[in-house]
Amino acid sequence: MSKLKIAIQKKGRLSEKTLLLLQECNIRYPNGGDILKSESSNFPIELLFLRDDDISKYVAANLADIGIIGENVYREAKQEVDLIEYLGFASCRLSLAIPRHFEYKGLSFFQNKKIATSYPNILENFLYKRGITASIEFISGSVEIAPSIGLADAICDIVSSGSTLMANGLKEVEKIIDSQAVLIANPRLSIKKKKTLDELTFRIKAVLKAKE
Ligand code: PRT
Ligand code: ZN
């Protein structure tokens, strides 16, 4: 199989812009409702529609050749995949937030505290480098609710407008990383697939450049 397999998010914050980017690269494909796999009619590529959390695993395991995910997920996953290109959409940041009424004077706030997050690896690394010891509580979603139900003292989660934090009585106090959608690839592609990826990357760069 020499067609390049690209894993993209089936439904969520990345889906629409990912499909739009492929269209802008002049890649045509059938798309509709419950299709989980689709082949382009004018480019040697096959689309796989998956949950974003699974994409880097699929790419690392060679079940897909390339993929589009949030940089936050890429950095958390610790999979052996290459970051090929920053795509400039789905911008957000991963931040630490605490209950609004607490005074915040610096990172020492988090010493011996409990922090809820879906990003334990990024958070652990961030705290370790700054000499902070905290207990990390992994939860897979609705992280913002953790302090108000007594599960944690603080949270580390994705922030975009900040309105979810505000609605849950929290305030952002430290940014850990900025994030945007990224194109990732398996590091050991065949020469033929690498050529297709180079062509795709060339087109993506042109599309992004035209938007500057
Ligand atoms: O179902 P699947 O697992 O595929 O999707 P998902 O629900 O895990 O992910 P999804 O679609 O919510 O997000 C996909 C990617 O979009 C993330 O990995 C980020 O890279 C990026 N992104 C950009 C965001 C946001 N903006 C964002 N605002 N991901 C999540 N959020 C959340 C945030 O955590 C908060 O709870 O949206 C909420 C609202 O944010 P505010 O600050 O605008 O209120
Ligand atoms: Zn997800």
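Helices (H or I, at least four residues) and strands (E, at least two) are DSSP runs, numbered from the N terminus. The model shown is predicted, so that local features need pLDDT of at least 70 and side-chain atom pairs count only at pLDDT 80 or more, while totals for chains, interfaces and linings use all residues. Residues are numbered from 1 along each chain as its sequence is written, and chains are lettered from A and ligands numbered from 1 in the order in which they are written.

View 1. The protein contains six helices and 11 strands, and its C-alpha atoms fill a box of roughly 55 × 35 × 30 Å along the principal axes. Of the 212 residues, 33% count as buried, where a residue is buried if 20 or more other C-beta atoms lie within 10 Å of its own, exposed if 12 or fewer, and partly exposed in between, with C-beta atoms placed from the backbone. Two residues are in contact if their C-beta atoms, placed from the backbone, lie within 7 Å; among contacts between residues at least 6 apart in sequence, 65% join residues at least 24 apart.

**View 2. The contact between domain 1 and domain 2.** On the side of domain 1 that touches domain 2, the largest share, four residues, comes from α3. The residues of this side divide into one nonpolar, three polar and four charged, where Ala, Val, Leu, Ile, Met, Phe, Trp, Tyr, Cys and Pro count as nonpolar, Asp, Glu, Lys and Arg as charged, and the others, Gly among them, as polar.

**View 3. The shell of residues around ligand 1.** Ligand 1 is surrounded by 22 residues, of which the closest are Gly12, Gly70, Ser160, Ser161 and Thr164; a residue is near a molecule or strand if its C-beta atom, placed from the backbone, lies within 6 Å of it. The elements that give two or more residues to this shell are α2 (52-60), α3 (71-77), β9 and α5 (163-167), and β9 gives the most, with three residues. By class, the shell has six nonpolar, 10 polar and six charged residues, and at least three residues are drawn from each of domain 1 and domain 2.

**View 4. Strand β9 and its pairing with β6 and β7.** Two strands pair if DSSP finds at least two bridges between them. Strand β9 (residues 154-159) runs antiparallel to strand β6 (residues 92-99), to which five bridges join it, and in this pairing serine 95 has aspartate 157 of β9 as its bridge partner. Strand β7 (residues 114-117) runs parallel to β9 and is joined to it by three bridges, with isoleucine 115 standing opposite alanine 154.

**View 5. The largest nonpolar core and a second, separate one.** A nonpolar core is a set of buried Ala, Val, Leu, Ile, Met, Phe, Trp, Tyr and Cys residues joined through C-beta atoms within 7 Å. Of the 29 residues in the largest core, Ile6, Val59, Ile66 and Ile184 touch the most other members. Elements that give two or more residues to this core include β1 (4-9), α1 (15-24), β3 (45-50), β4 (66-70) and α6, while β11 gives the most, with five residues. Leaving aside its neighbours within four places in sequence, isoleucine 66 is in contact with Leu4, Ile6, Val59, Leu183, Ile184, Ala185 and Leu197. A second, separate core of 19 residues includes Leu94, Ile115, Leu127 and Ala134.

View 6. Lysine 78 counts as exposed because it has 11 C-beta neighbours inside 10 Å. With 13 other C-beta atoms within 10 Å, serine 142 is partly exposed.

**View 7. Arginine 203 in helix α6.** Arginine 203 belongs to helix α6 (residues 191-211) and is partly exposed, because 17 other C-beta atoms lie within 10 Å. Arginine 203 and proline 44 are 159 residues apart along the chain, and their C-alpha atoms are separated by 14 Å.

Terms used: Domains from an automatic or database assignment.
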